[in-house]
Amino acid sequence: MPLTKDKIQSLLSDIENERVERTLSIDNTKKMSEAICSFANDIRGTRKPGYFLIGADDDGNLDGQTFTDEQLRSYAGLRNTGAILPPPAMMVYKESFPDGEVAVIEVQPSVDTPVRYKGVIWIRVGARKAEANTEEERILTEKGQIHSSSFDGRPCREATIDDIDIELFRNEYLPRAVSPITLAKDRRNEIQRMASLRLFDTRFNCPTYAGILLLGYDPQYFIPGAYIQYVRFAGTNRATKVLKENRFKGNLISMLKELEYFIKYSIESKRPEFVSILREESRINYPWEAIRELAMNAVMHRAYNGNNSPIKFYEYSDRIEIDNPGNLYGKVNLENFPNETDYRNPNIAEIMLNLGYVNRFGSGVNTVSTLLEENKSNPAEFLLGDYTTFKVVVQNADVIENDIDVTKKTSRSVVNATANSADNVNSGTMRNDNGTMWNDTERYDDIEKLVLEKMRYDKRISIKQLSKIFGKSKTAMFRVIDRLKSEGKIRRVGSEKTGTWEVIE
C-alpha cells in the first residue's frame, strides 16, 4: 500500500534513513534508475522497501513542485525500459503538502538479485548508493540463487560446465549484459560471471536452465521441447500438402538469429498492386516485424518446465498460427490481457532484451497491433480459452484485401478473440468447443450490444477496427456510435485520436 501522508512527512525529515533518497530534479532518470537498482538489491537484507522522493532537497525541504499524471507514468515506466534488469516491483504515487507535491517511487526488495542498471550493480552503503564490489556482488548472487523461484533460474543439476559454450558467453553475451567499464575492472573467472547473470548456480556447480538455453551445446537434450517447429501448408488446414518444414533448435543465440533471418526473408512477400496508370503499390502479406515479435514472445513466455511440446509455427494459405505451450501467467488473466505484464521466465526475458530481440518489456502486443494496422491487416486473434497453450492467429493481408478465403471462396473477418468464453467477447470471429468458426453477428442480433462488448474489452478500439470486425463501412459504424452516444450508453473521454471509450452501465 502507498505510504500515508504522515509517513511521507516523516521520511522527508529523517535525512539519515538509508532506505530514502531525495532529489529536486524531476527528469534525472539516471539518478532515479540507479536508486531503484540499489533499493531492489537490498544488500543488507532488510526486506523493506526503499523510497525515492522527487521534489525535495537533501534536507527534506520541498520546492513547490507539482506532478502531472504523465510524469508519474514516465517514472513508473522506468522498470520496463530494459535498462534495469531484472525489473523490480515498484509503485509510483504523489502526495500534496503546503510547500508543494512529492512524487514517491516505492521499490520492493528483489529476490532475483543482482539487479543491474545498464550493466552496473548499484547498492546502498548507509545513506548513499555505490557500485557493488566483487564481494558484494557475490553476496547478491548467492542470495538470488537461494530465492530463485522461476524454472529458468533453477539449477540444471544433470548438466556441468562442460555442457556450456564458454567462448560464446565471453564473446557474444557478456559484452551485451555488463557495462564495458565494469568489465574492464572485473577480475573474476567465467563461472563467477555467469553466476552473477543467473546462468550458473555455484551451490550445485552447474548451469541454470537459463544458462543451458542460452549457451548450451545441446539445450534440447536437457529440455526436449525447447525448439520451434515450422510447417507451411498448401491450404487452410493440416490435411493439405506440406510445402516446407523447418526446425529451429540449438541455443538461444544461434536459434534466434536463424529464426529472425527466416521470418524476414521467407515469410514476408510483396506483390505489385495497380493503383493508377502511373503508380503501383506493394501489397505485403505479413509485416515481418509483427511475426518476428510474436515468435520472440513465444520463446520468451513459453512454459519450459515439464512440457516437451515445441512452439508450433504453422503457415497456412490464409493465415499464420503460433501455438505456444503455457497460457497466461501470474497477474495476467483474460480480463486484463494485454494491458498487464508478468513473466514466467524472467531470466530468459532479460537475456532476450540484452540480445536485442525485445525492445522493452510489456509492449509486444501493442507493437504487433500497430504494425498490422499500418499494413491494413486485420488485428491479431488471440485464442486463450485453452489453459495449456497460448495461441495467436494472424491473417494473410493479401487474402483479406481480396476478401476471399482461398479455399472456401467466402468472405471472412478474423480479429482479436478469446476462445470458449462467452463472458469475454473480444472479436468478430471466435471458435467454439470443436474448433469451428462462428461469427458474432450470427449469435447476436443487436450490433450495439457487440460494440459495447468490444469497448469494454478495449477502450481504445478505433472506428476503423470496429468496421473491420463487423464488416460494415465507416459511415455505418459512425451511425451506430452516434446512436449509442445519444442513448447515453457511451461517451468519448479525451480527443478523437488519442482518447478512450467509456461504457456507461
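Predicted model: local features only at pLDDT ≥ 70, side-chain atom pairs only at ≥ 80, totals over all residues.
User: I'd like to learn how to read the empty spaces in this structure. What is a cavity?

Analyst: A cavity is a set of grid points where a 1.4 Å probe fits but cannot get out. The general idea is friendly enough: rolling a probe the size of a water molecule over the atoms shows where empty space is left.

User: How many cavities of 30 Å³ or more does the count come to here?

Analyst: The count comes to 6 cavities of 30 Å³ or more. The largest cavity has a volume of about 480 Å³.

User: Which residues lie nearest the centre of the largest cavity?

Analyst: Look for Asn 297, His 301, Phe 337, Val 365 and Phe 390, which lie nearest the centre of a lining made by 30 residues. By class, that lining has 16 nonpolar, 9 polar and 5 charged residues.

User: And which helix gives the most to this lining?

Analyst: Helix 11 does, with 6 residues. At least two lining residues each come from helix 11 (288-301), strand 16 (319-325), helix 13 (364-374) and strand 18 (389-395).

User: Which residues does Phe 313 touch?

Analyst: Leaving out residues up to four places away in sequence, Phe 313 touches a set that includes Ile 228, Tyr 230, Leu 259, Ile 291 and Ile 322. Gln 229 and Glu 321 are also among them.

User: Is Asp 186 buried or exposed?

Analyst: The step to remember is that buried means under 20% relative accessible area. Asp 186 has 11%, so Asp 186 is buried. You will find Asp 186 in the loop between helix 6 (180-185) and helix 7 (190-196), and its side chain makes a polar contact with the side chain of Arg 188 (2.9 Å).

User: Why is helix 17 described as largely enclosed by the rest of the structure?

Analyst: Because 6 of the 8 residues of helix 17 (residues 463-470) are buried. Those buried residues are Ile 463, Gln 465, Leu 466, Ser 467, Ile 469 and Phe 470. Just after helix 17, Gly 471 takes a positive phi of about 65°.

Methods: Residues numbered from 1 in each chain as written. Heavy atoms only, no water. 1 Å grid on protein atoms, 1.4 Å probe; cavity = no way out; pocket = protein on both sides within 12 Å on 5 of 7 lines; lining within 4 Å. Points joined across faces, edges and corners; volume = space filled by probe spheres on them. Helix = DSSP H or I, 4+ residues; strand = E, 2+ residues; numbered from the N terminus. Nonpolar A, V, L, I, M, F, W, Y, C, P; charged D, E, K, R; others polar. Buried < 20%, exposed > 50% of the residue type's maximum accessible area, 1.4 Å probe, protein only. Polar contact = N/O pair within 3.5 Å; in protein donor to acceptor, adjacent residues only side chain to side chain. Contact = heavy atoms within 4.5 Å.
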